[in-house]
Amino acid sequence: MKRALAVTICLAAVACGYRFTAAGAGFPQGIHKVFVPVIVNRTTEPGLEGAFTEALREQLARGGYLGGEASDGRIEGELLSVTALVAQLAPGTSGALTYRVVATLRVRLFRDKTLLSQTDVTGTEDYLPALRADVLTTEANRQAAIRRLASALATDAVARLQTG
């Protein structure tokens, strides 16, 4: 009896179109898989497109939406700006300065050649300079901050594209 009830519930769920998804609201117009070519880097700093493309692809893969070139959707991205600033005194560091990276990413969702949605996402990420003016460690901290920022912007961008 319990087995028959479980089968009936499963069949009813399938019949009404209900399905379990990994995450997110899904993309408009029934897009299930999305291809992401390498993001265009419009900044003067070379190599940033790799971190932002990877972050966007990882976000889509987590939700089960990442596909290949034959996918029903395509997200094109442009890294519009990346700026480094001296931020402020870091809390709890007895007056140490922090640096801040600010980035703006534009993403567009296409089905075939039709633009379905576009959004710009901007965010910031702070990082600490190295002690004793160690340039290599400061740059490593900056690169880690850029990767964290790319991940945060990718999460925001995918969520916005899914809601239209």
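Predicted model: local features only at pLDDT ≥ 70, side-chain atom pairs only at ≥ 80, totals over all residues.
When residues up to four places away in sequence are not counted, isoleucine 75 touches Phe27, Val34, Phe35, Val36, Pro37, Leu56, Leu60, Val107, Arg108, Leu109 and Leu161.

Two aromatic pairs were identified. One of them joins phenylalanine 27 and tyrosine 65 in an edge-to-face arrangement, with 5.1 Å centre to centre and 85° between the planes. Phenylalanine 27 lies in the loop between helix H1 (2-15) and strand S1 (34-35), and tyrosine 65 in the loop between H2 and S3; the pair therefore ties together parts that are 38 residues apart in sequence. Phenylalanine 27 is buried at 7% relative accessibility, and tyrosine 65 is likewise buried, at 6%. In a charge–ring contact, arginine 74 lies over the face of phenylalanine 110, at 4.7 Å from the ring centre.

Threonine 43 is located in the loop between strand S2 (40-41) and H2. Its relative accessible area is 16%, so threonine 43 counts as buried under the 20% cut-off. The threonine 43 side chain forms a polar contact of 2.6 Å with the side chain of asparagine 41, and a polar atom of the threonine 43 side chain lies 3.2 Å from the backbone nitrogen of glutamate 45. Beyond four places in sequence, threonine 43 touches Leu48, Leu79, Leu80, Ser81 and Val82.

Definitions and conventions:
Residues numbered from 1 in each chain as written. Heavy atoms only, no water. Contact = heavy atoms within 4.5 Å. Helix = DSSP H or I, 4+ residues; strand = E, 2+ residues; numbered from the N terminus. Buried < 20%, exposed > 50% of the residue type's maximum accessible area, 1.4 Å probe, protein only. Polar contact = N/O pair within 3.5 Å; in protein donor to acceptor, adjacent residues only side chain to side chain. Phe/Tyr/Trp six-rings, centres within 6.5 Å; stacked < 30°, edge-to-face > 60°. Lys NZ or Arg CZ within 6 Å of the ring centre and 35° of its normal.
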